[in-house]
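Hi there,

Here is the structure I promised to send over.

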Amino acid sequence: MDRKYAEFATDKAVELLGIDSPTGYTDKAAEWVKNEFEALGFKAELTTKGGVVADLGGVDGSDALMLAAHTDTLGGMVAEIKGNGRLRLTNLGGMRAENAECENVRVYTRGGKIIEGTFQICNASVHVNDDYAGTKRSFGTAEVVLDEDVKSADDTRALGIEVGDVVCFDPRTRVTESGYIKSRFLDDKLSVGILLGFAKFIADGKITLPRRTFVHVTVYEEVGHGGAASVPAGVTEAISVDMGCVGDGLSCTEKDVSICAKDSGGPYSYAVVGKLIEAAKAENADYAVDVYPHYGSDVEATLGAGVDIRHGLIGAGVYASHGYERSHVDGVFNTLKVLKGYLGI
């Protein structure tokens with residue numbers, strides 16, 4: 001496999017990162033994903049739930065493979081319009097207040113307006129707040145300060161903002177000359193890019209896959225039920241292509257592909273994990289096998305929904321998960337190598 005497909009995957013991930021799509025507000029991102037697979041020549045359709053299923057073709061049989069990634073991200077929702085016109089949020093997915101502090105945000109109103117602001121600790125001036133350092137960061141002690149002249153709840157409502165409006169955090173995406181990819185929400189838009197890179201590799205080579213293969217890009221992974229539906233007939237194995245964990249006690253780096261043996265949901269299929277390791281070795285991919293202490297995946301949701309499959313999980317290593325995340329083009333490339341080796345092409 002040529003490295004150009006890792007670069008293509010990275011470029012596509014950067015495009016997708018520019019589309020706000022926290023859980024529950026994913027239609028624009030899903031439409032983009034559908035169009036991108038179609039542009040590569042593959043049939044793709046939107047599911048009732050709002051995700052995308054693309055058919056990469058392959059030899060029909062009773063052992064089809066599904067590759068799952070997700071385009072929903074962390075975010076926030078307006079929970080209260082405060083008397084001073086500022087906004088108290090509730091988180092969407094695992095967004096943490098202490099990590100989101102000082103980030104620029106966009107409030108999407110149901111009337112179609114986009115209003116900017118900043119997520120700050122309440123009484124955010126260090127020169128005024130005697131307990132700035134001691135204040136526990138939470139969604140109760142932080143607020144959105146709108147970049148509008150508002151002084152009351154009525155002022156804010158006059159802008160069209162109401163409880164239930166979605167609040168998106170700026171991803172601040174950068175790709176460095178050294179190949180590092182830095183952004184919020186690499187989990188899991190980087191993997192959507194990887195699957196598009198894999199699809200382009202298949203299309204460019206006019207490859208007929210040795211087994212029928214589908215891609216399912218889900219839109220509710222961050223709240224636990226993304227992969228619980230829309231599994232095509234004949235699928236016997238499902239692999240989540242999601243972020244690989246990087247941190248203390250784990251061996252993966254941002255330049256590796258991570259193969260997960262177990263996470264908080266239990267062990268992954270021993271047979272699938274073994275085949276993924278064999279694929280990494282056959283393709284000379286830099287890889288790590290790790291156990292993730294705090295993690296759940298789309299394919300575990302598929303199992304939880306009662307679908308009879310074998311399951312696995314791989315992904316490019318990502319540091320600072322659910323924060324300002326970092327990966328590397330090498331990790332993207334190594335993930336593509338494992339997908340190639342797993343399918344034997």
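**Helix packing around helix 5**

In this predicted model, helix 2 (residues 27–39) and helix 5 (residues 186–204) have axes that come within 10 Å and cross at roughly 15°. Angles under 35 degrees count as roughly parallel, and helix 2 and helix 5 are therefore roughly parallel to each other. Their crossing is right-handed. On the helix 2 side, the contact is made by Trp-32, Val-33, Glu-36 and Phe-37, and on the helix 5 side by Val-192, Leu-195, Leu-196 and Ala-199. By class, the residues of this contact are seven nonpolar, no polar and one charged.

With 13 residues, helix 2 reaches 18 Å from its first C-alpha to its last, close to the 18 Å expected at 1.5 Å a residue. What is buried in helix 2? The buried residues are Ala-29, Ala-30, Trp-32, Val-33, Lys-34, Glu-36 and Phe-37, so you will find two charged side chains, Lys-34 and Glu-36, on that list. The partners they pack against are helix 1 (4–17), strand 1 (43–46), strand 2 (52–55), helix 5 and strand 12 (213–218). Helix 2 is followed by Gly-41, which has a positive phi, near 100°.

Next, helix 1. The axes of helix 1 and helix 5 come within 7 Å and cross at roughly 135°, and the two helices are therefore oblique to each other. This crossing, too, is right-handed. Helix 1 contributes Tyr-5, Phe-8, Ala-9, Lys-12, Ala-13, Leu-16 and Leu-17 to the contact, while residues from helix 5 include Leu-186, Leu-190, Gly-193, Gly-197, Phe-201 and Asp-204. The contact of helix 1 with helix 5 divides into 12 nonpolar, two polar and four charged residues.

Finally, helix 8 (residues 329–343) has an axis that comes within 10 Å of the helix 5 axis, crossing at roughly 50°. That makes helix 5 oblique to helix 8, and the crossing is right-handed. Here Leu-190, Ile-194, Leu-195, Gly-197, Phe-198 and Phe-201 of helix 5 meet Val-332, Thr-335, Leu-336, Leu-339, Lys-340 and Leu-343 of helix 8. Sorted by class, there are nine nonpolar, two polar and one charged residues in this contact.

Best wishes

Conventions
Residues numbered from 1 in each chain as written. Predicted model: local features only at pLDDT ≥ 70, side-chain atom pairs only at ≥ 80, totals over all residues. Heavy atoms only, no water. Axes fitted to C-alpha atoms, helices over the stretch in contact; angles between N-to-C directions. Helix = DSSP H or I, 4+ residues; strand = E, 2+ residues; numbered from the N terminus. Parallel < 35°, antiparallel > 145°, perpendicular 65-115°, else oblique. Left-handed = near helix turned anticlockwise from the far one by under 90°. Contact = heavy atoms within 4.5 Å. Expected span 1.5 Å × (residues − 1). Buried < 20%, exposed > 50% of the residue type's maximum accessible area, 1.4 Å probe, protein only.
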